[in-house]
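Biologist: I would like to learn how to read the features of a model like this one, taking each general idea before the particular case.

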Amino acid sequence: MISTVLDNRRFRSWGGQILLLGGFAALLSWLVSNTVTNLETRGIRVGFDFLWRPANFPISESVLPYNPSDTFLWAYVTGVGNTLAISILAIVLSTALGLVVGLARRSKHPLTSGVASVFVTTMRNMPLIVHLLFWYALATTMLPAPRQAYNPLPGVFLSLRGFYIPSFNLDGVAFVLVGLTMASAVLAAILGRRMIAAGRLDIRHPLLCLLAVTAVVAAGLGLILQPAAVVDFPEMKGFNFIGGMRLSPEFAALMLGLVIYTSAFIGEIIRGGIDAVSPGQWEAGRAIGLSERHTLTKIIIPQALRIIIPPMTSQYLSTVKNTTLALAVGYPELGLVVGTVINQTGQAIESIALLLGIFLTISIAVSLFMNWYNAHVALMEAR
């Protein structure tokens with residue numbers, strides 16, 4: 001009977017997995033128990049009670065409002081907000097620049113393709129930390145003092161203390177208007193795409209129509225809600241600028257370094273995806289009278305997306321993780337906040353566990369979204 005059970009292939013497979021899982025759980029339990037015992041022996045408290053205590057340390061700049069009297073928990077939330085803001089901006093800007101670089105690499109003009117090739121080769125073979133330190137040194141040593149700040153555009157000033165640009169001061173009604181307009185645009189895009197797919201709507205330029213609908217909705221809501229929006233320009237007062245929006249040298253260096261470094265990789269991903277499409281597709285586009293631009297946008301890129309998206313997902317995940325290098329230039333993203341909290345509280349294990357959990361959550365969210373989009377593109381192409 002026992003030999004019969006042991007000869008069962010399914011039993012052996014499940015039995016081995018259960019034993020392996022049980023051994024891993026036992027090892028993990030022992031590690032946790034041993035760590036807690038050693039910490040208690042040394043008088044180090046274990047737990048997350050510290051999250052509710054006042055942080056009592058400043059954060060130089062943040063997307064969310066923050067005060068040193070806030071709790072450690074809100075300090076973590078502020079760090080997460082900074083990390084998310086950097087990640088989203090870097091992904092969007094590097095994708096846009098990478099598209100330009102990828103198309104330039106395929107250009108038949110020797111100067112354009114040569115410059116793009118040199119850019120990609122140079123940027124990809126320099127460590128990201130070198131990029132960040134280079135731009136930070138440039139922003140803090142090569143720019144003039146505020147009184148001699150560069151003024152390349154009206155209302156834009158570049159100085160050692162940061163970059164100053166005009167800002168919009170919006171009231172609550174204006175934010176409601178922006179939210180309703182975005183929701184209307186998304187709804188119009190979904191409905192329009194479904195109607196086009198069903199053959200009930202024939203639009204030659206759907207993007208222009210979507211922009212027109214969004215503009216009409218925004219204008220109508222603006223007339224109804226009447227929001228208040230004031231443009232605030234920076235101006236020199238005393239020894240520094242007041243008003244407007246300030247982009248710190250740390251933020252500027254981080255964004256420049258991340259975007260330029262990442263765009264070189266994304267450019268090669270896009271170029272490779274386009275080149276992987278059969279040359280016959282270009283010939284088919286020309287045969288039906290399409291221009292090179294329309295052939296690229298209507299035929300080549302939709303097919304190339306199936307090749308581009310998987311490696312692009314990995315690049316986006318790397319970009320999110322690369323934001324931790326912001327501490328090299330002193331920008332207060334989540335990693336720098338965690339380091340400060342550890343110095344203040346000594347709760348290293350809890351803080352590192354939170355850091356790992358947060359980055360794991362963000363990475364999984366990015367991966368799930370890109371996998372959904374990849375499946376969506378594949379389904380659309382299959383139709």
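The dialogue below moves from the overall chain to its charged pairs, its surface and its rings.

Modeller: This is a predicted model, in which local features need pLDDT of at least 70 and side-chain atom pairs count only at pLDDT 80 or more, while totals for chains, interfaces and linings use all residues. Residues are numbered from 1 along each chain as its sequence is written, and side-chain values use heavy atoms, with hydrogens and water left out.

Biologist: How many helices and strands does the chain have?

Modeller: Helices (H or I, at least four residues) and strands (E, at least two) are DSSP runs, numbered from the N terminus. The chain has 12 helices and 8 strands. With contact meaning heavy atoms within 4.5 Å, 66% of the contacts between residues at least 6 apart in sequence join residues at least 24 apart.

Biologist: What share of the 383 residues is buried?

Modeller: Buried means under 20% relative accessible area, exposed over 50%, and partly exposed in between (1.4 Å probe, protein chains only). Buried residues make up 31% of the 383 residues in the chain.

Biologist: How many salt bridges does a search of the whole structure find?

Modeller: Side chains of opposite charge can pair when their charged atoms come close. A salt bridge is counted when a side-chain nitrogen of Lys or Arg lies within 4 Å of a carboxyl oxygen of Asp or Glu, and the search of the whole structure finds 4 of them. One of these joins Glu268 to Arg105, with the closest N and O atoms 2.8 Å apart; this pair links distant parts of the chain, since Glu268 is in helix α8 (residues 249–276) and Arg105 in helix α3 (residues 72–105), 163 residues apart.

Biologist: Is Glu268 buried or exposed, and which residues are linked with Glu268 in a network?

Modeller: Glu268 counts as buried at 13% relative accessibility, whereas Arg105 is partly exposed at 24%. Glu268 also forms a salt bridge with Arg271, where the closest N and O atoms are 3.1 Å apart, and these two residues, 3 apart in helix α8, are separated by about one helical turn. A further salt bridge joins Asp275 to Arg106, the closest N and O atoms being 2.7 Å apart; Asp275 lies in helix α8 and Arg106 in the loop between α3 and α4 (110–124), so the pair ties together parts that are 169 residues apart in sequence. Arg105, Arg106, Glu268, Arg271 and Asp275 are linked in a network of salt bridges.

Biologist: Which residues form a nonpolar patch on the surface?

Modeller: Such a patch is made of residues with over 30% relative accessible area and no salt bridge, where nonpolar side chains (Val, Leu, Ile, Met, Phe, Trp, Tyr) are joined within 5 Å and like charges within 9 Å. Here Leu84, Ile88, Leu89, Val92 and Leu93 form one. Leu89, which lies in helix α3, is partly exposed, with a relative accessible area of 37%.

Biologist: How many aromatic pairs does the structure hold?

Modeller: Rings of Phe, Tyr and Trp (its six-membered ring) pair if their centres lie within 6.5 Å, and planes under 30 degrees apart count as stacked, over 60 as edge-to-face and the rest as tilted. The structure holds 7 aromatic pairs. The rings of Phe57 and Phe72 have their centres 6.3 Å apart and their planes at 35°, so this pair is tilted. Phe57 is buried at 4% relative accessibility, and Phe72 is buried at 3%. Ring pairs link Phe50, Phe57, Tyr66 and Phe72 into a cluster.

Methods. Accessible areas come from the Shrake-Rupley method with a 1.4 Å probe; for residues, only the protein chains shown count as cover.
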